[in-house]
Amino acid sequence: MEQSLLLPRLRVDHGLILASPFITSAHASGWRRCHSSSFSSLKIQSQLRPMSVVSGPFSTIRCAVTETSVYSKESTETVDLDWDNLGFGLVPTDYMYKMKCTQNGIFTEGELLRYGPIELSPSSGVLNYGQGLFEGLKAYRKEDGSILLFRPEENALRMRKGAERMCMPAPSVEKFVDAVKLTVLANKRWVPPTGKGSLYIRPLLIGSGAVLGLSPAPEYTFLIFVSPVGNYFKVLKAQKKAKENGFSDVLYLDSTHKKYLEEVSSCNIFVVKNKVISTPEVKGTILPGITRKSIIDVALGQGYQVEERAVSVDEVLDADEVFCTGTAVVVTPVGSITFLGRRVEYGNKGVGAVSQELYSELTRLQMGLSEDKMGWTMKLN
């Protein structure tokens, strides 16, 4: 699925990019701070399917984090969803995971809860001072029915790095990965059939303790919930204006020189010219995407030259192909970009040979359709 992006006056129909000289974003594993009230927006249409809600009393399953399988009969029952028409919208599933940590930095034993509302103080750190961050990863169903996770330890490491930056304790890599496994297995009936989508996994780390003055929260909560998803389309404030003007998404430029690419909303961007693949180097304002990292390794393995460096607007307007990467979007081609009234279209609605090859290589590996020579996938029983 191609997309439209927007830069400060840079557009991409079927891949719109909009960058603003007023935008500065800083990521702490999914956390972004934007200093602007007047930037153009980028938007991707949202396709929401009717939600399937699990009924029953709100209950808790306390457990040590292990790979035990199902906790109730329903986990093996069939889900009544239209798998062929999954969008990227929330579908409530059976269970969520919860674990708390006090000021001593030690996390309590985790527990599975029925998916539902959580209790949070109005004076919690996350509500008052934004002390929180999130991760995103996916689980895929193989043709033999087994389930694969894709590089969950990378998400754990990124969460720890972001938490350190925000003065928060974080689960160890082992606890993070085990909690993800447990949550996926408890909701395994919601993992779409092979080729129909994936189970999106959303770990959260929030300052749940009550504070008044600006200071780290006295208590933290680690949560995980999941939802089956198909193609990714989203709507954010920054993207609304872009959509109203016929674009799909926004590409941000650096706030200093106002000429170098940063990223497309929550996605990383790649530019292809003469078989050389270039992408902005990771720094404080650019998310160190796990899909980005994986695509670079896949491209190098396919014999491509990959450069991580400053990439200018002029280069993207002169590119052979442009595509975005992210957990949700995987690899999404850009069909056109408009900047200062100049529109540049990329061949075949943006679906170039390089992006198609990399998409195929990565998704086949994620779904267990090709040999995992990288050791990136983790099989769940």
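Phe-176 counts as buried, at 1% relative accessibility, where buried denotes under 20% relative accessible area, exposed over 50% and partly exposed the range in between, for a 1.4 Å probe and protein chains only. The model is predicted, so local features need pLDDT of at least 70 and side-chain atom pairs count only at pLDDT 80 or more, while totals for chains, interfaces and linings use all residues. Residues are numbered from 1 along each chain as its sequence is written, and side-chain values use heavy atoms, with hydrogens and water left out.

The chain holds 7 helices and 20 strands; these are DSSP runs numbered from the N terminus, with helices being H or I of at least four residues and strands E of at least two. Of the 381 residues in the chain, 55% are buried. Among contacts (heavy atoms within 4.5 Å) with a separation of 6 or more, 71% are between residues 24 or more positions apart.

Aromatic rings were paired when the centres of Phe, Tyr or Trp rings (for Trp, the six-membered ring) lie within 6.5 Å; planes under 30 degrees apart count as stacked, over 60 as edge-to-face and the rest as tilted. The count by this rule is 6 aromatic pairs. In one of them, the ring centres of Phe-150 and Trp-376 are 5.8 Å apart and the planes stand at 90°, so the pair is edge-to-face. Phe-150 belongs to strand β8 and Trp-376 to the loop between α7 and β20, so this pair ties together parts that are 226 residues apart in sequence. Phe-150 is buried, with a relative accessible area of 7%, and Trp-376 is buried at 6% relative accessibility. The rings of Phe-176 and Phe-222 also have centres 5.8 Å apart, but their planes lie at 45°, so this pair is tilted. Phe-176 sits in helix α3 (residues 173-186) and Phe-222 in strand β10 (residues 219-229), so the parts tied together are 46 residues apart in sequence. Phe-222 is buried, with a relative accessible area of 0%. Ring pairs link Tyr-97, Phe-176 and Phe-222 into a cluster.

Strand β8, which contains Phe-150, spans residues 147-150 and is covered on both faces. Ile-147 and Leu-149 are buried on one side, and Leu-148 and Phe-150 are buried on the other. In a regular strand the side chains alternate between the two faces of the sheet. Strands were taken as paired if DSSP finds at least two bridges between them. Strand β7 (residues 137-141) runs antiparallel to β8 and is joined to it by 3 bridges, with Ala-139 opposite Leu-149. The two strands form a hairpin with 5 residues between them, and Gly-145 in the turn has a positive phi of about 95°. Strand β20 (residues 377-380) is also antiparallel to β8, through 4 bridges, and Lys-379 of β20 stands opposite Leu-148.

An open sheet of 5 strands has the order β15-β14-β13-β16-β17, with mixed pairing. Its edge strands, β15 (305-308) and β17 (330-333), each pair on one side only. Neighbouring strands of this sheet are turned by 25° against each other on average, direction ignored; axes are lines fitted to C-alpha atoms, for helices over the stretch in contact, and angles run from 0 to 180 degrees between N-to-C directions. Strand β16 (residues 321-326) and β17 are antiparallel and joined by 4 bridges, with Thr-325 opposite Val-331 in β17.

Helix α7 (residues 353-366) lies across β13 (268-273), β14 (276-279), β16 and β17, at about 160° to β17. At 1.5 Å a residue, its 14 residues should span 20 Å, and the end C-alpha atoms are 20 Å apart, which agrees; the expected span is 1.5 Å times one less than the number of residues. Val-354, Ser-355, Leu-358, Leu-362, Thr-363, Leu-365 and Gln-366 of α7 are buried. These residues cover an arc of only 155° around the axis, which puts them on the same side of α7, the arc being that of the directions from the helix axis to the C-beta atoms. Just after α7, Gly-368 takes a positive phi of about 75°.

For helix α5 (residues 290-301), the 12 residues should span 16 Å at 1.5 Å a residue, and the end C-alpha atoms are 17 Å apart, which agrees. Buried residues in α5 include Ile-290, Ile-295, Ile-296 and Val-298.
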